[in-house]
Amino acid sequence: MTISRGAVYWGKKLLLFLLSVLLLSVAVFCVSRWAPGDPLVSYYGDRVEKMSPEERAWAEDQLGLNDPLPVQYVRWLTGALQGDFGISYKYKMDVVEVIGSRIGNTLILGGIGFLLIFTLALLLGILCAWREDGLLDRILCKVGTVTSCIPEFWLSLVLILIFAVWLRWLPSSGAYSIGKSGDLSDRAVHLILPLTVVVINHLWYYAYMIRNRILEEVRADYVLLARAKGLGKGSVLFRHCLRNAIPSYLSIMAISLPHVLGGTYIVETVFSYPGIGTLSYESARYQDYNLLMLLCLLTGVVVILCNMAAQAINERIDPRMRSGETGEVTRR
Amino acid sequence: MKDDGFVIVGVRETPPPPAPRREPWYRGKPLFAGGVLGVIVLGCLLCGLFIPGDPSYMDLANASAAPGRAFLFGTDTMGRDIFSMIWYGGRVSLLIGVAGAAISTAVAVVLGAVSGCAPAWLDALLMRLTELFLSVPNLLLVVFLQAILGEASVLSISLVIGLTSWTSMAKVVRTEVRQLRSSEYVVAARSMGGGFFHILWRHLIPNFLSSIMFMVVMNVRSAIAAESTLSFMGIGLPLEVVTWGSMLSLSEKALLSGAWWIILVPGIFLVTTLLCLTSLGSYLRKAANRKERNL
């Protein structure tokens, strides 16, 4: 009984996931095709200007851009299902290869950034909650509000100005110096500034959240009971309050993973860091259809998966959420 | 019997309780932020009065001049006076912030209310679509919309920003409407033949306005930030339209020549405005939640 129910549950989730991805691919496909702009420019570059109409027609035919939209979509889908996502018009390479050569950089930046945000926010939140309304808490709150207001591109500019132009301590762009792509310390030096921007930009939002969550918890009745039993302040905070606050923090962080990854896009462009962000920006601007499709699908899949993970965590915490809103419908 | 064992004293005199100290009216209100924001807004609106010159006049002989007597905040790489650009540009930036927030609020309220009132399947469908919408990276959406709407203008960029930032508010509106829709006065209005928009305007919006008010202010903030980011990246307004963002798009060149004022001055104005809006917003949020907390 329970097994079959579980199977149905996960089956439903899987179905929903596949449906969402399919819908997403249709939407991105249509929108990118409707958007004005000439994909031939990204394939042939400036030579497009000199092409005769016949040559143009031949080139479009060659790339399969003349067929009606549904035909193009079905062709893309059948290819995609067999693992063939087409070639990038700009790089004249398999799309998977193009992305594969760049995705590592984004994962390093976004991944380290996410881990740092995750742990630092937790620590800061606990610290602030521990010293609620104390001097430290108030200072941190003020500083945090200010940092979360600074647009990330401007923060990047100011950091470049200070550390790369004035002090000349750190490099201002790229992921590694020319010819040193294997040198770890060189990469780390290039990572410092972008990473700082990513972390500073998101940190306070989550730290403040965990701070308020703990403060809510501290006011609950069981804390009074635990204190009355003679438990110390620290052990109540860590063993009881934190334990209650962590699950909701986890689900929020699951939702925020794509958010943090998306935040790296702008940072990547400012620092001309060779990652997914710069790539998707280029591909959207220059109608590099196949590349754009895969990039959108990748981000979309990550977002949908993270949302599902968050939902699963929430349902684990509070089984009432699983029934959804069926109770509300009848009440009308 | 002697009576003097008992003395009738009447009601014992008690000193009247000290009158509760009236909190000064400005207590806990973001006066400083409001004042600074007011100065910036007024300065931008009235800049025609105290700035004689044309902000887009290019004084090529004085390109990238450092701040000084002649140019209070210096000039940019094209020789334009940054001091006058700040105020004129602020007009456009603030306008885009307000317009973008108005558009996103309108979309969020209508969609959220429809979703909140709709039968379960439509509601589920709308919410799934919202999630799907969220899963496309915002930057790409903006590039798409920009491409569809054609040449960037103040209106098109507000539209783009408004259409990409309604989702979280729509969710809040939906939750609020779900709680309100079965209350007696809504049922009464409906049974008297009130249409959807009538009920929305007369009954629902006044009830959830306070809970989305801070999101509206925050949307103004994020619209201003979004405009500056887009213009900076070169997919927003062109250089000729002076805004804080388009002023910052010259900063790549400024980095090479070390002209820090081109980067710092517009940025400081931008960040100050965002900061003021944030503290106004968080004040509104606290005001809306005041009843629930016993602190």
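## Interface of chains A and B

Across the interface of chain A and chain B, the rule finds zero salt bridges. A salt bridge here is a side-chain nitrogen of Lys or Arg within 4 Å of a carboxyl oxygen of Asp or Glu. One residue pair is in polar contact across this interface, with both residues at pLDDT 80 or more. A polar contact is a pair of N or O atoms within 3.5 Å; within protein, one must be able to donate a hydrogen and the other to accept it, and residues adjacent in sequence count only if both atoms are side-chain atoms.

Seven elements of chain A give two or more residues each to the side that touches chain B: H1 (2-34), H6 (135-149), H7 (152-166), H10 (233-270), H11 (276-285), H12 (289-317) and H13 (326-329), each a helix. Helices are DSSP runs (H or I, at least four residues), numbered from the N terminus. H7(A) provides the largest share, eight residues. By class, this side of chain A has 28 nonpolar, nine polar and six charged residues. Ala, Val, Leu, Ile, Met, Phe, Trp, Tyr, Cys and Pro count as nonpolar, Asp, Glu, Lys and Arg as charged, and the others, Gly among them, as polar.

In contact terms (heavy atoms within 4.5 Å), 43 residues of chain A meet 44 residues of chain B.

## Model basis

The model is predicted: local features need pLDDT of at least 70, side-chain atom pairs count only at pLDDT 80 or more, and totals for chains, interfaces and linings use all residues. Residues are numbered from 1 along each chain as its sequence is written, chains are lettered from A and ligands numbered from 1 in the order written, and side-chain values use heavy atoms, with hydrogens and water left out.

## Salt bridges

Over all chains, the search finds six salt bridges. One of them joins the side chains of A:Arg211 and A:Asp137 (3.1 Å, N to O). A:Arg211 lies in helix H8 (residues 184-218) of chain A and A:Asp137 in helix H6 of chain A, so the pair ties together parts 74 residues apart in sequence.

## Positive phi

Most residues other than glycine have a negative phi. A:Asp133 is not a glycine, yet has a positive phi of about 65°. A:Asp133 sits in the loop between helix H5 (95-130) and H6 of chain A. A:Ser272, also not a glycine, has a positive phi of about 35°. The loop between H10 and H11 of chain A holds A:Ser272.
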